[in-house]
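I set down what I looked up, entry by entry.

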Amino acid sequence: MNDIVAYLGTHHEIKELVLVLGVKSSAALVYDVCRIVQLDSLVLVALEEDIKKEVQKMFQKMQCGSGMHMPGRIEWTGAEGILAYQAQTNHLALMFDSLEQAEQVNVFSVIKPRYLIGMVNRQEIHPVKIWEAYRKVCEYIYILSWEEDHQNEAMNWTRNAKDGIELSLIFPVYCVADYIETCITSVTAWKADYVEYLFVDDGSLDESADLIRSYAKKDKRIRLFQKTNGGCASARQYGLERARGRYVGFVDPDDYVDETMFRKLFSRALTGSYEISYCGYQELYEDTQTTKEVPDVLGMPYMEGTSDRNRIDELIAYRRVAIWRGIYFKDMIDRNHIHFHTKIRRFDDLPFKMETLAVARSVVAVPEYLYYYRMLRPGQDVSADDERLYVHFLIFKYLDKFFSKTKEKVQLDYLQVVKIQTHRWALEKIRPEFMGEYCLRARKDLLSNFPYQEGKYILRQFASWKDQLYFTAICSGNIQLVKLLAGYQGGRGRVRRKQRQLKKFEQISVKYGK
């Protein structure tokens, strides 16, 4: 049975249907409609005479004792007749199949159907073009799209009652007056009226709020909120609680984006009803104004879109922590009670990234590098090299509780990978006088969910040899080896020596895991 007919069959309240048949439609579609749905009225529009003849022959056979429930009224009309069509009920559905141009269905939006159901070839018609024509008319839109050698995707949309906002972008603002105009210009270049921009001024001491206010006067999509300083997590949460969109995204206002970024992310998310849509990003170096694409997980199956739980779980460990280059289904966030933890003053994107991926039912990637992440700016969290990095232990204490509730063993394994990768990153940044204390806390953290031998086994499966060496050095309390690793610059001889050291430390007693 055709999937669009199956969707129609789930809405038993529909008794009135207008069906537009394209050049490749078949009588089988009409037969399935009559078989599955008990209609009072069926109005047919055939764009080709051959399909009309085929359907008429089928009706003649059905009327000769098929025993099937026939619609109370069957009527044929042309495009002009549909434009003058008056719905008899509040549950009019418009269905289309095998059209070659969006205008072939968009022209019928004047009849204001409550339901829009159809199938298109994505190479000929992009589903979002049809959605944009009907989103203010319909309450329900279901468009199944297909493309040769690619999987089918289903747009399953219900109108959002919150002012028609589909995407909310949240900006945590704190003393970024030197950069914010570039950011605002880049994100607002997309002129869609179903996007809102929420700027949360977290107690800025410069003219950031004034600059935002000046742009808001010219663009009604911009909303400015001001609050006392509470940190980035506090500002993001403040915006999240006020977001009206179906999807939400986050932008650091000292960065900027490709003007097409959020249009592409939203389009991919909507076309396949994906819960997370993300793209690649580039590092923008403040001192030289040069950019570099950051390698990340953008290939298959993610660019095709996936709902495979195992492949989504892999992103927990292997996709970089960068929540600002994606958008997230708001209902997914709400139903799982995901929020930003205001007690975490920095790196709050790490728990958000891991929590959303742990519960997401589908993910899609746009394989382009569309976000520009500013590096080496004074005051950035990533520039911390002291006890501020101890915040990781608060983060992982929370994540231990979160992942223990999911009861997904592989997710807990990937958490262990994230822990060693994070601690490795911190140890390669932290100043020597803080390294000893950091290692003591990291050891306790790494052994919190698994004993030493099991933790080592997990990292052998999922982590690099250098991550494994860090793990062994930290768990054995060998600060000297940690310092050697943190200052490592390369060279094959040193690689071989470290590999020998790894084998040596792998022989350490499992007492470290007790």
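I count two residues as in contact when heavy atoms of theirs lie within 4.5 Å. With that rule I turned to the pair α15 and α16: Gln-416, Lys-419, Ile-420, Thr-422, His-423, Ala-426 and Leu-427 in α15 meet Met-435, Tyr-438, Cys-439, Ala-442, Asp-445 and Leu-446 in α16. I sorted the residues of this contact into eight nonpolar, three polar and two charged. I note here that the model is a predicted one.

Entry: geometry of α15 and α16.
I looked up how the helices lie to each other. The axes of α15 and α16 (residues 432–446) come within 11 Å and cross at roughly 180°. Angles over 145 degrees count as roughly antiparallel, and α15 is therefore roughly antiparallel to α16.

Entry: α13 against α15.
I then asked which residues of α13 and α15 meet. From α13 they are Leu-350, Met-354 and Ala-358, and from α15 they are Gln-411, Leu-415, Val-418 and Thr-422. This contact divides into five nonpolar and two polar residues, with no charged ones. I recorded that the axes of α13 and α15 (residues 409–427) come within 12 Å, with a crossing angle of roughly 160°. On that angle, α13 is roughly antiparallel to α15. The crossing of α13 past α15 is right-handed.

Entry: the whole chain.
I stepped back to the protein chain, in which I find 20 helices and 16 strands. Its C-alpha atoms fill a box of roughly 90 × 55 × 40 Å along the principal axes. Of its 514 residues, 55% count as buried. Among contacts with a separation of 6 or more, 77% are between residues 24 or more positions apart.

Entry: nonpolar cores.
I looked up the largest nonpolar core and found 73 residues in it. The residues with the most contacts inside this core are Phe-250, Tyr-328, Phe-403, Leu-427 and Tyr-438. Helix α15 gives the most to this core, with eight residues. A second, separate core has 66 residues, including Tyr-134, Ala-192, Cys-279 and Tyr-281.
I followed Tyr-328 further. Beyond its neighbours within four places in sequence, Tyr-328 is in contact with residues including Tyr-247, Val-248, Phe-250, Ile-276, Ile-323, Ile-333, Phe-352 and Thr-356. Charged partners of Tyr-328 are also on the list, among them Arg-246, Glu-275 and Arg-319.

Entry: helix α9.
Which residues of α9 (residues 232–242) are buried? I listed Ala-233, Ser-234, Ala-235, Arg-236, Gln-237, Gly-239 and Leu-240. The buried residues of α9 pack against the strands β8, β9, β10 and β11 and the helices α12 and α13.

Entry: Trp-190.
I located Trp-190 in the loop between α7 (180–187) and β9. Is Trp-190 buried or exposed? At 11% relative accessibility, Trp-190 counts as buried, because the cut-off for buried is under 20%.

Entry: Val-391 and Phe-347.
I found Val-391 in helix α14 (residues 391–406). Val-391 is buried, with a relative accessible area of 12%. Not counting residues up to four places away in sequence, Val-391 touches Ile-344, Arg-346 and Phe-347.
Phe-347 counts as buried at 10% relative accessibility. Its phi is positive, near 60°, although Phe-347 is a residue other than glycine.

Entry: further backbone points.
Most residues other than glycine have a negative phi, and most peptide bonds are trans. I noted Gln-289, not a glycine, with a positive phi of about 60°. Gln-289 is in the loop between β13 (276–285) and β14. Met-300 and Pro-301 are joined by a cis peptide bond, with omega about 0°. Pro-301 is in the loop between β14 (291–293) and α11 (309–318).

Entry: Ala-28.
Last, I looked up Ala-28 in helix α2 (residues 27–36). Ala-28 is partly exposed, with a relative accessible area of 44%. Ala-28 and Val-55 are 27 residues apart in sequence, and their C-alpha atoms are 8.4 Å apart in space.

Technical notes. Residues are numbered from 1 along each chain as its sequence is written. This is a predicted model: local features need pLDDT of at least 70, side-chain atom pairs count only at pLDDT 80 or more; totals for chains, interfaces and linings use all residues. Side-chain values use heavy atoms; hydrogens and water are left out. Buried means under 20% relative accessible area, exposed over 50%, partly exposed in between (1.4 Å probe, protein chains only). Helices (H or I, at least four residues) and strands (E, at least two) are DSSP runs, numbered from the N terminus. Axes are lines fitted to C-alpha atoms, for helices over the stretch in contact, and angles run from 0 to 180 degrees between N-to-C directions. Angles under 35 degrees count as roughly parallel, over 145 as roughly antiparallel, 65 to 115 as roughly perpendicular and the rest as oblique. A crossing is left-handed if the near helix is turned anticlockwise from the far one by less than a right angle, and right-handed if clockwise. A nonpolar core is a set of buried Ala, Val, Leu, Ile, Met, Phe, Trp, Tyr and Cys residues joined through side-chain atoms within 4.5 Å.
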